[in-house]
Amino acid sequence: MADWHVQCMAALRGLAVDSQFWDDRLAPLRTSNEFPFRVHLAIFVEPFLTFILQGRKTIESRFSLVKCAPYDRVSSDDLILLKRAAGPVVGLCRVTSAWFYELDDNSLRQIRDRFASAICADDHFWDARSACSYATLMTVSDPIEIPHFHVSKRDRRGWAIVNPSTGTATCELFR
């Protein structure tokens, strides 16, 4: 069985979508080994996955105790594969901007005040992130549901970067 990152790239290269935007966007994956964007695999729980696919959630956020992907590893025009937790990859979206924060009480409060609605976050969400040290916020656009495909990813990471050129994954921690 192929590694999950190879499975992701093979599925993307063969993906047929009913969207001119996405067909044009995915064309370089089919014809070249040089890409103008990164491909990320993000794991989602409900209701956040549905909110992104509906276009209701326009800011994706990832909080962590250590600097790890996507912190400082995601940028405008990158592609995100949307994978259901313990399930298949079900969608795509595009990053249109990204911000990175080293958190303290003040910055977390500012993020909450400014972005809570776009993140679709409630009090429980913010309480669960109160001890985090880093945050990545991404404006996401052009969500589309795709024919579902399974990948054999078994680790517990909620985010990984797939290198389209080699089909390898990078999920390093950095300081």
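**View 1. Phenylalanine 125, a buried ring.** With a relative accessibility of 7%, phenylalanine 125 counts as buried, because the cut-off for that label is under 20%. Please keep in mind that the model shown here is predicted. Arginine 129 lies over the face of phenylalanine 125, and the distance to the ring centre is 3.7 Å.

**View 2. Phenylalanine 48 meets phenylalanine 125.** Across the whole structure, a search turns up nine aromatic pairs. One of them joins phenylalanine 48 and phenylalanine 125 in a tilted arrangement, with 6.0 Å centre to centre and 55° between the planes. Phenylalanine 48 belongs to helix 3 (residues 48–54) and phenylalanine 125 to helix 5 (residues 123–128), so this pair ties together parts that lie 77 residues apart in sequence. Phenylalanine 48 and phenylalanine 125 are both buried.

**View 3. Phenylalanine 63 meets phenylalanine 125.** Here the ring centres of phenylalanine 63 and phenylalanine 125 are 6.0 Å apart and the planes stand at 80°, so the pair is edge-to-face; the cut-off for that class is over 60 degrees. Phenylalanine 63 sits in strand 2 (residues 59–64) and phenylalanine 125 in helix 5, so the contact ties together parts 62 residues apart in sequence. Phenylalanine 63 has a relative accessibility of 15% and therefore counts as buried.

**View 4. The aromatic cluster.** Which residues do ring pairs link into a cluster? They are Phe48, Phe51, Phe63, Phe125 and Trp126. Take a look at phenylalanine 51 too: arginine 56 lies over the face of this ring, at 4.0 Å from the ring centre.

Key: Residues numbered from 1 in each chain as written. Predicted model: local features only at pLDDT ≥ 70, side-chain atom pairs only at ≥ 80, totals over all residues. Heavy atoms only, no water. Phe/Tyr/Trp six-rings, centres within 6.5 Å; stacked < 30°, edge-to-face > 60°. Helix = DSSP H or I, 4+ residues; strand = E, 2+ residues; numbered from the N terminus. Buried < 20%, exposed > 50% of the residue type's maximum accessible area, 1.4 Å probe, protein only. Lys NZ or Arg CZ within 6 Å of the ring centre and 35° of its normal.
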